[in-house]
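This report describes one protein structure in plain terms. Please look at the sequence and the model before reading on.

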Amino acid sequence: MYLRQCTENCSGIFGIERRDIIETNCHRLCHCAKDSWKIGNSGMMNNQEEVDLYRDTYVRYLGYANEVGEAFRSLVPKSIVWFSYALSSGYVLADTVHKGVKVYQADATSQRTKNVLLSTSDTLIWQTFASIIVPGFTINRICAAVQFAQRKSTRTAFKKPWISTLIGLVSIPFIIHPIDHAVEGAMDVTYRKWTGYHPKAPLCGIKHE
C-alpha cells in the first residue's frame with residue numbers, strides 16, 4: 001500500500017510519458033525511502049531502549065539526597081540527615097542490582113557469574129564513593145568552614161544560620177562532576193586494574209581503552 005501510493009504520487013509529479021520508466025524509478029525511490037524510514041525508527045527505538053532509569057532520568061537525583069541533608073544539617077534534626085543518607089543508599093543499592101541484572105541477562109558465556117559479580121561490585125564501590133562518601137564529606141566540610149567563618153566574623157548579617165545551608169546547596173552542582181571523575185580515575189588505577197574489569201558505560205563519561 002505504501003509503495004503503490006508513493007509510486008502514484010511520483011508518477012503524478014513527473015507526468016505520464018514513459019510511465020514504465022518513471023514508475024520503475026519511483027518504485028526504487030520509494031523502496032529506499034521506506035528502508036530509510038525503518039532504519040530511522042529502529043534507531044529511535046534503540047535510543048529509547050538505552051535510557052538508564054538510574055542514570056539518565058530524575059531518579060539519579062536520589063543519589064544527591066545526602067548532600068542536601070548535609071547542607072541542612074545545622075537547621076534540621078539529625079534524623080533528617082540520616083534519612084537523606086538512607087535515600088542515597090537505597091539509590092546506590094538499586095543501581096547496583098540493576099547493573100547486575102543487565103549483565104546477567106546479556107551475558108550467555110561461562111563467565112556470566114563472574115561478570116555479574118564484577119559488575120555489581122564495581123557499581124557498588126563507585127556509587128558508594130561518588131554518590132555518598134566523598135560528596136557528603138565535601139558538603140559537610142564546606143558548611144563547617146562557613147560556620148567557622150561565621151563564628152569569627154563580627155558582622156551580624158553574616159551570622160544567619162541559613163547561610164551555611166545556602167552555600168552548601170549552591171556548592172553541590174560544582175562538586176558533582178569533579179568527584180565523579182576523581183572516583184573514576186581512582187578506580188581505574190586500583191580496583192579495576194586489579195580485577196581487569198572496566199564498565200562499558202561509566203557514569204562520568206570517561207571512555208575506557
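This is a predicted model: local features need pLDDT of at least 70, side-chain atom pairs count only at pLDDT 80 or more; totals for chains, interfaces and linings use all residues.

Residues are numbered from 1 along each chain as its sequence is written, and side-chain values use heavy atoms, with hydrogens and water left out.

**The chain as a whole**

The protein chain has seven helices and zero strands; read from the N terminus, its elements are α-α-α-α-α-α-α. Helices (H or I, at least four residues) and strands (E, at least two) are DSSP runs, numbered from the N terminus. Of the 209 residues in the protein chain, 33% are buried. Buried means under 20% relative accessible area, exposed means over 50%, and partly exposed lies in between (1.4 Å probe, protein chains only). The accessible surface of the protein chain is about 13700 Å², and 65% of that belongs to carbon and sulfur atoms. Accessible areas come from the Shrake-Rupley method with a 1.4 Å probe; for residues, only the protein chains shown count as cover. Among contacts in the protein chain with a separation of 6 or more, 64% are between residues 24 or more positions apart. A contact means heavy atoms within 4.5 Å.

Ser-131 sits in helix α5 (residues 112-152). Is Ser-131 buried or exposed? Ser-131 counts as buried because its relative accessible area is 0%. Setting aside residues up to four places away in sequence, Ser-131 touches Arg-60, Gly-63, Asn-66, Glu-67, Tyr-91, Val-92 and Trp-126. The Ser-131 side chain also makes a polar contact with the side chain of Gln-127, at 2.6 Å. A polar contact is a pair of N or O atoms within 3.5 Å; within protein, one must be able to donate a hydrogen and the other to accept it, and residues adjacent in sequence count only if both atoms are side-chain atoms.

Leu-169 belongs to helix α6 and is partly exposed, at 29% relative accessibility. Beyond its neighbours within four places in sequence, Leu-169 is in contact with Val-68, Ala-71 and Phe-72. Leu-169 and Glu-67 are 102 residues apart in sequence, yet 7.9 Å apart in space, C-alpha to C-alpha.

**Salt bridges**

The whole structure contains five salt bridges. A salt bridge is a side-chain nitrogen of Lys or Arg within 4 Å of a carboxyl oxygen of Asp or Glu.

Arg-192 is buried, at 1% relative accessibility, and Asp-122 is buried with a relative accessible area of 3%. Asp-188 is buried as well, with a relative accessible area of 19%. Through salt bridges that share partners, Asp-122, Glu-184, Asp-188 and Arg-192 are joined into one network.

**Aromatic pairs**

A pair of aromatic rings is described by the distance of the centres and the angle of the planes. Rings of Phe, Tyr and Trp (its six-membered ring) pair if their centres lie within 6.5 Å; planes under 30 degrees apart count as stacked, over 60 as edge-to-face and the rest as tilted. The structure holds four aromatic pairs. In one of them, the rings of Tyr-54 and Tyr-91 have centres 6.3 Å apart and planes at 55 degrees, so this pair is tilted. Tyr-54 lies in the loop between α2 (19-49) and α3 (65-71), and Tyr-91 lies in helix α4 (residues 78-106), 37 residues apart. Both Tyr-54 and Tyr-91 are buried.

The rings of Trp-82 and Tyr-85 are also tilted, because their planes are at 50 degrees, with the centres 5.7 Å apart. Trp-82 and Tyr-85 both lie in helix α4, three residues apart, about one turn of the helix. Trp-82 is exposed, at 53% relative accessibility, whereas Tyr-85 is buried, with a relative accessible area of 16%. Ring pairs also link Tyr-58, Tyr-61 and Tyr-64 into a cluster.

**A nonpolar patch**

Which residues make the nonpolar surface patch of about 540 Å²? Leu-75, Trp-162, Leu-166, Val-170 and Phe-174 make it. Patches are made of residues with over 30% relative accessible area and no salt bridge: like charges are joined within 9 Å, nonpolar side chains (Val, Leu, Ile, Met, Phe, Trp, Tyr) within 5 Å. Leu-166 lies in helix α6 (residues 162-188) and is partly exposed, with a relative accessible area of 44%.
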